[in-house]
Amino acid sequence: MKGDFLDLKIAELSKLSTDEKREVLSFFHERIVAFNSELNAFLEILPIPDGLSSGSLSGVPYALKDNILARGTRTTCASNILKSYLSPYDATVTARLKNTGAVLLGKTNLDEFAMGSSTEKSAFGPTKNPWDLSRIPGGSSGGSAAAVAAGLVPFALGSDTGGSVRQPAAFCGVVGYKPSYGLVPRYGLVAFASSLDQIGPLTRCVDDAFTVFKTIAGRDINDATTVNGKIDLRAKELPEADLKGLKIAIPSDALDFEGLDERVKSRFLEFIERLAKKGAEVSFVELGILKYVVATYYLIAPGEASSNLSRYDGVRYGERVESENYEEMIKKNRDTGFGDEVKRRILLGTFTLSSAYYDAYYRRALKIRKMISNRINEVLHEHDFILNPTTPTLPGKFGEIGDPLSYYLMDIYTIPANLVGTPAISIPVDPVDGLPVGIQLMGRRYADLELLSTAKQMEKLSGAYNNGLAKIPERWLHV
């Protein structure tokens, strides 16, 4: 039965007998050990526990992005400055999964401190795309996306600050879901930009994303940004959605973006036609805000990052390089511990928060963020959802993107959901030239169940699935 484990959803795996669950854990653990040397998806592989705990996800294996704490494991954030850091406690999401009996099999690779869009910027080497080992898996949750795409685990958690769950999901041909801000606790997630960060699942179908979401979501006394009573998590299954009569806004300016690959655009337009044939009311709408989102994000996020990362000084956190005085020690610690991209964002954030430039840059970015939020909410008041390509390009080859601006534009379609706090999900559609393509559905804040229900219906129109689960590349089907 072992080969059939790849054909089972999370709910089905959790209903197996105890002996079968042990087989499941051995099966996926063997796959991780066998394939990780090629993919570099995992930074730490954990042993299988002796016994199984009871619960709704008993015996279901999973992986954590290595910026989410799990007690007793290393949490490196793929950075040399934290290469020896051992998690002293569980993140809330980790504790909730543990309480349901889910089994952590490892910590996954990422762009250092989640700052990147390709998982090339890890201090421990890049993760490779399971569909083409010469190409990037996206980022920053590239390790989690690759692990799920290659069938090394049924699901993984990632963090999403500007698209870091959805963009790698699109590049790796899996589902990536960013919940509404405030629904999933961030306690135990190493902070990048606190007003933007959100933990979300990467899975092979929307049903599995819902199963994980309802396990990790909910108010947390350790996270003051979490909310209560906004959503009912008691449902065993997603409510049925009907595509007929659904009002979907298509951002025309997203399709006019000069960086949009014609092959991605073609696949997206084909999918829109399928939606229209199912009775969805598709309207093209000029958002008028896309030209501002990248600049706004790269003023706000680095500003918050420069504050959050100030704790890594070799005294409170981080590796210590001995020096003659305190100031020199901090300089050496950060110079040797941080990579170039992290340094770039800290410097940018420190500059924009300085007294001389705060009003000119950071405060203005906050005003533009409000404008973006108002416009997105205005469109979502008139329509049920906004639909666009998840990424403007197909996954590129390693080293292909040289300048930072082109690199940052890879997230132009995903950033708005973080700035506004709305839920968004990427699902795979028919591939192009053997490479995955994703579409992103964004809904109203706290309308997560409606979003997931609609995405589940959209999966049925995609050619990227087999028996309800996203396809795994042929080379990874057998150990």
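In the predicted model, the second largest pocket has a volume of about 310 Å³. Its lining comprises 17 residues, with P49, K98, A102, V103 and L104 lying nearest the centre of the pocket. Two elements, helix α3 (92-99) and strand β3 (103-108), each give two or more residues to this lining. By residue class, the lining of the second largest pocket consists of nine nonpolar, five polar and three charged residues.

For the largest pocket, a volume of about 460 Å³ was computed. Here the elements that give two or more residues to the lining are α1 (10-14) and α6 (206-216). Helix α6 accounts for the largest share, six residues. In total, 18 residues line the largest pocket, and A11, T211, K214, K236 and E237 are those nearest its centre.

In soluble globular proteins, nonpolar side chains tend to be buried together. The largest nonpolar core in the model contains 150 residues, and F113 and I425 have the most contacts inside this core. Among the elements, helix α9 (residues 290-308) gives the most to the core, with nine residues. The surroundings of F113 were also listed, with residues up to four places away in sequence not counted. On this basis, F113 touches C77, S79, I81 and L82, together with V190 and F192. Further along the chain, the residues touched by F113 are L309, Y312, F338 and V342.

Technical notes. Residues are numbered from 1 along each chain as its sequence is written. This is a predicted model: local features need pLDDT of at least 70, side-chain atom pairs count only at pLDDT 80 or more; totals for chains, interfaces and linings use all residues. Side-chain values use heavy atoms; hydrogens and water are left out. A nonpolar core is a set of buried Ala, Val, Leu, Ile, Met, Phe, Trp, Tyr and Cys residues joined through side-chain atoms within 4.5 Å. Buried means under 20% relative accessible area, exposed over 50%, partly exposed in between (1.4 Å probe, protein chains only). Helices (H or I, at least four residues) and strands (E, at least two) are DSSP runs, numbered from the N terminus. Contact means heavy atoms within 4.5 Å. On a 1 Å grid over the protein atoms alone, a cavity is a set of points where a 1.4 Å probe fits but cannot get out, and a pocket is an open set with protein on both sides within 12 Å along at least five of seven lines; lining residues have an atom within 4 Å of a point. Grid points are joined across faces, edges and corners, and a volume is the space filled by probe spheres set on the points. Ala, Val, Leu, Ile, Met, Phe, Trp, Tyr, Cys and Pro count as nonpolar, Asp, Glu, Lys and Arg as charged, and the others, Gly among them, as polar.
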